[in-house]
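Please keep the sequence and the structure in view while reading.

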Amino acid sequence: MYSISYGTKEIFFEIKRTNRKTLAIEVHPNAEVFVIAPNNISLEDIKYKVEKRAKWIVKQWDYFNQFLPRTPERTYVSGETHYYLGKSYLLKVSKGNQNQVKLKSGKLQVTCKSEPSSELVKKLLAQWYYNHAKKKFDIILSEIYAKFKDYTIKIPQIEIRRMPNRWGSCNTLNKIILNPEIIKAHSKCIEYVLTHEMCHLVIPNHSKEFYTLLEDIMPNWKKWKSELECKLS
Ligand SMILES: [Zn+2]
């Protein structure tokens with residue numbers, strides 16, 4: 001299995017070598033991508049061709065997606081797609097020496113000490129997302145904080161809490177609350193949510209001044225806001 005990056009997506013594909021002279025790309029209704037390639041073409045050239053057709057591949061996915069139920073119920077079994085930092089990864093569940101989650105060779109690999117069950121895999125994944133969220137949010141926060149050097153605000157504390165309808169919120173106690181679910185979105189989306197909340201530490205409401213500040217700190221915030229909204233809601 002090979003892959004290329006396309007925007008926030010990762011396109012995985014299999015290569016089938018043949019005697020034919022031209023290269024063909026197939027997208028199957030289950031979203032699998034196959035490249036039928038001549039024997040003498042290099043992997044580098046194949047990747048280049050896939051990159052050139054990436055837009056078309058994503059269009060095929062969207063076409064097939066419309067026939068799928070809106071938000072598929074997660075069952076936490078191998079083959080399922082899960083998101084991390086804006087990219088989709090296939091889940092691989094197996095039995096092993098210890099309970100563990102690893103992001104390896106393009107897969108989210110979960111090993112369970114006991115017979116894998118949906119509940120156990122769900123729990124291990126939630127823990128893994130939480131730990132990664134904690135680290136990532138702190139890194140992004142210190143990057144954004146540097147952009148607020150002209151304002152007299154202290155670096156806020158981050159609290160991670162599940163909230164049903166929002167990505168983040170802040171309070172007057174210099175604390176920003178973030179939904180751990182945004183770790184599934186592109187890091188720029190996380191940056192947008194954090195920047196929005198940081199701006200509230202300067203201007204508590206959504207006045208014209210607030211948006212002027214937001215625009216100043218993160219000029220392309222609208223792009224990442226809409227990305228976040230259509231990806232995960
Ligand atoms: Zn706000």
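Accessible areas come from the Shrake-Rupley method with a 1.4 Å probe, and for residues only the protein chains shown count as cover. On that basis the chain exposes about 14,300 Å², of which carbon and sulfur atoms supply 50%. The model is a predicted one, in which local features need pLDDT of at least 70 and side-chain atom pairs count only at pLDDT 80 or more, whereas totals for chains, interfaces and linings use all residues. Residues are numbered from 1 along each chain as its sequence is written, and side-chain values use heavy atoms, with hydrogens and water left out.

## Overall make-up

The secondary structure comes to 6 helices and 11 strands, where helices (H or I, at least four residues) and strands (E, at least two) are DSSP runs numbered from the N terminus. Along its principal axes, the C-alpha trace of the chain spans about 65 × 45 × 30 Å. Of the 233 residues, 37% count as buried; buried means under 20% relative accessible area, exposed over 50%, and partly exposed in between, with a 1.4 Å probe and protein chains only. Among contacts (heavy atoms within 4.5 Å) between residues at least 6 apart in sequence, 42% join residues at least 24 apart.

## Two open sheets

Strands of a sheet pair through backbone hydrogen bonds, either parallel or antiparallel. Here two strands are taken to pair if DSSP finds at least two bridges between them.

Strand 1 and strand 2 (residues 9–18) run antiparallel and are joined by 5 bridges, and tyrosine 6 has lysine 9 in strand 2 as its bridge partner.

Strand 6 and strand 8 run parallel and are joined by 6 bridges, and leucine 90 has lysine 107 in strand 8 as its bridge partner.

## Nonpolar cores

A nonpolar core is a set of buried Ala, Val, Leu, Ile, Met, Phe, Trp, Tyr and Cys residues joined through side-chain atoms within 4.5 Å. The largest one has 45 residues, and those with the most contacts inside it include Leu108, Val121, Phe148 and Met198. The elements that give two or more residues to this core include strand 6 (87–95), helix 3 (118–147) and helix 4, and the largest share, 11 residues, comes from helix 3. Leaving aside neighbours within four places in sequence, valine 121 is in contact with Tyr76, Leu91, Val93, Val110, Cys112 and Pro116. Apart from this core lies another, of 16 residues, among them Ile4, Ile25, Val50 and Val58.

## The zinc site and helix 4

Which protein residues are the donors of the zinc ion? They are His196, His200 and His206, each through NE2, lying 1.9 to 2.0 Å from the ion; donors are N, O and S atoms within 2.8 Å of the metal (3.2 Å for Na, K and Ca), and sites may look incomplete because water is not among the atoms. Along the chain the donors follow the spacing H-x3-H-x5-H. Histidine 196 in helix 4 (residues 187–202) and histidine 206 in the loop between helix 4 and helix 5 (208–217) are 10 residues apart. Histidine 196 is buried, with a relative accessible area of 12%.

Threonine 195 also lies in helix 4 and counts as buried at 1% relative accessibility. Beyond its neighbours within four places in sequence, threonine 195 is in contact with Ile144, Phe148, Leu214, Ile217 and Met218.
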